[in-house]
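Welcome, and thank you for taking a look at this one. Below is a short tour of its strands, cores and cavities.

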Amino acid sequence: MIFISFDALFDGCYTPLHLRPSGHRCLSGWRWSTQAMADKDKLIPRSEDFNEWYNSVVLKADMADYGPVRGTMIVKPYGWALWENMQKALDGRFKATGVQNAGFPMFIPMSFLEKEAKHVEGFAPELAVVTHGGGQELAEPLVVRPTSETIIGHAYANWVQSYRDLPVLINLWNSVVRWELRTKLFLRTLEFYWQEGHTAHATAAEAAERTRMMLDVYTDFAVNEAAIPVIPGEKSAAERFAGADQTLTIEAMMGDGKALQSGTSHNLGQNFAKAFDIQYLDPNNQLQHCWTTSFGLSTRFVGAIIMTHGDDNGLVLPPRLAPYQVVMVPIYKKDEEKTAVLTATQRIAQELTAAGVRVKVDDRDNVTPGYKFNDWELRGVPARIEIGPRDLEKNSVALARRDVPGREGKQFVSQDGLAQTVQALLTEIQANLLAKATAFRDAHTYDVTSYDELKEAVQTGFARAWWAGDGAAEQKVKEETKATIRCFPINQPDGSGTCFYTGKPADKVAIFGRAY
RNA sequence: CGGGGCAUGGCGCAGCCUGGUAGCGCGCUUCAAUGGGGUUGAAGAGGUCGUGGGUUCGAAUCCCGCUGCCCCGACCA
């Protein structure tokens, strides 16, 4: 038996827990129309209530469910399959840079957290602490990891003796716990799944290079796998990771114009190396502290995919990550039709599978084809093949694309060369999603030169502005507009300008936005 | 922690004011028909009414306590 308590250790420096998250869990996403049955199952349109749309689409699309403890999430197989595809895409990229996977304990001695002052200060309010184990009170409370920098630091201190031991390049696929007050499926839950990379280097330059390298990995992943046009940039001091010298981020714009921090890469400098004595002897026999980095991307990114591409009809998943790229719906009336149609369906499914396409055959007999069309559109499957008696006669199938909803996205194509046709369509859909998301983001990003313009801009999107303010000014803007500096983009314009807030000369532009 | 609200089959709700032993829709099971954009009909299964106490011949219903949950605020890598 394990008891977890959240008080005692940080009296006064954390926020009490008796509060309620948002996350409207009752299914008020359904509309009630006693007359037309069809209305009953319809989603609240995204355009009508983005928040409600998100909550209900996550549940209805079978991505996730609420856990029994407030703020916890059950990831269902369909959502997990998407996460698995994301994991594969990321894992390959990490390994290509020399990173290896490992597993680290979930329990961390409280004393570890306390070794890095800013780190513990940042995390104390949201720690889950284990005070009992095996029926007895523990001598030292254990923290359920909110992230693993400290326990990694402890290990690396043992692992690293010589410059020949460096760099250390480790990644963990695990879950972490942060006791959040306001939760929302995928975006912010008490426990979430992610990867956290941890590296140690001999020089500051190498650590800086690594920090940037992983940012580029995330950017590449977001753009080319998820079709999300992120803005890579640097966080302001106020938004920096607790214990980092520098935090790089990829910021995405959701369909409601709000920002979502979608992945972060931190240069930890020598902060953790000094706190945990991660030292090595250099070639001159001089003892040196290492330079460390960490980087993470979580299941929150699933939320990014949902909110970037989804539409009034539900999810729209990018083909490269979608659990099913194609769903096949057989259509028949009589038994002999059924046999012939199902035979052809299986044959085509095998051809597509052999060509590397992820195919789902929906042979449910208790719902109509029309129901299946809507069902799979809600679940965001990129393409759909309908095959019926008429197709058997004409050697054709109906091929529908999710990014063009309704009948407009449907065409009849030959069964000959269908695998190639489908692959070409998937490629086109992938490109179209990225193009649409990019166009949306650009249309909702405004260059502003005055505070009034900024206030207006962040109502519907991002404001891009020259900035020379300090932390206090940034805080003031946050209080007055609810918008924060999302990042200073890596790609900066040439020259310099005037800060819209302080009127001082500024040498960099910042992206402001309201954020999740 | 401040303000507001809710708790009744798997889900969403009605019933409560004016006490008399629980009902509707969806979903689920079975059968038949239907099937190219959310399909009908018939027959079924399923509830200690959050919890503890009180009032009463009798409590889902009235009273008190407790717990949990939702919304707004504060808080938040």
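## Ground rules

Helices (H or I, at least four residues) and strands (E, at least two) are DSSP runs, numbered from the N terminus. This is a predicted model, in which local features need pLDDT of at least 70, side-chain atom pairs count only at pLDDT 80 or more, and totals for chains, interfaces and linings use all residues. Residues are numbered from 1 along each chain as its sequence is written, chains are lettered from A and ligands numbered from 1 in the order in which they are written, and side-chain values use heavy atoms, with hydrogens and water left out.

## A residue in α15

Let's start with glutamine 475, which sits in helix α15 (residues 471–481). Its relative accessibility is 38%, so glutamine 475 counts as partly exposed (buried means under 20% relative accessible area, exposed over 50%, partly exposed in between, with a 1.4 Å probe and protein chains only). Between glutamine 475 and alanine 155 lie 320 residues in sequence and 37 Å in space, C-alpha to C-alpha.

## The open sheet

An open sheet of 11 strands runs in the order β4-β8-β9-β15-β12-β11-β10-β23-β26-β22-β21, with mixed pairing; two strands pair if DSSP finds at least two bridges between them. At the edges stand β4 (100–102) and β21 (445–447), each with a single partner strand, so one side of each has no neighbour in the sheet.

Strand β4 runs parallel to β8 (residues 168–177), joined to it by 3 bridges. Here glutamine 100 stands opposite isoleucine 170 in β8.

## Nonpolar cores

A nonpolar core is a set of buried Ala, Val, Leu, Ile, Met, Phe, Trp, Tyr and Cys residues joined through side-chain atoms within 4.5 Å. The largest has 56 residues, and Val58, Met63, Met86, Phe186, Phe301 and Ile306 have the most contacts inside it. Helix α3 (residues 77–96) gives the most to this core, with 7 residues. A second, separate core of 32 residues includes Leu127, Ile152, Ala157 and Phe276.

## Cavities

The structure holds 4 cavities of 30 Å³ or more. On a 1 Å grid over the protein atoms alone, a cavity is a set of points where a 1.4 Å probe fits but cannot get out, and lining residues have an atom within 4 Å of a point. Grid points are joined across faces, edges and corners, and a volume is the space filled by probe spheres set on the points.

The largest cavity holds about 80 Å³ of space. Of its 14 lining residues, Glu377, Val381, Arg384, Arg401 and Arg402 are the closest to its centre. Helix α11 gives the most to this lining, with 3 residues.

Terms used: On a 1 Å grid over the protein atoms alone, a cavity is a set of points where a 1.4 Å probe fits but cannot get out, and a pocket is an open set with protein on both sides within 12 Å along at least five of seven lines; lining residues have an atom within 4 Å of a point.
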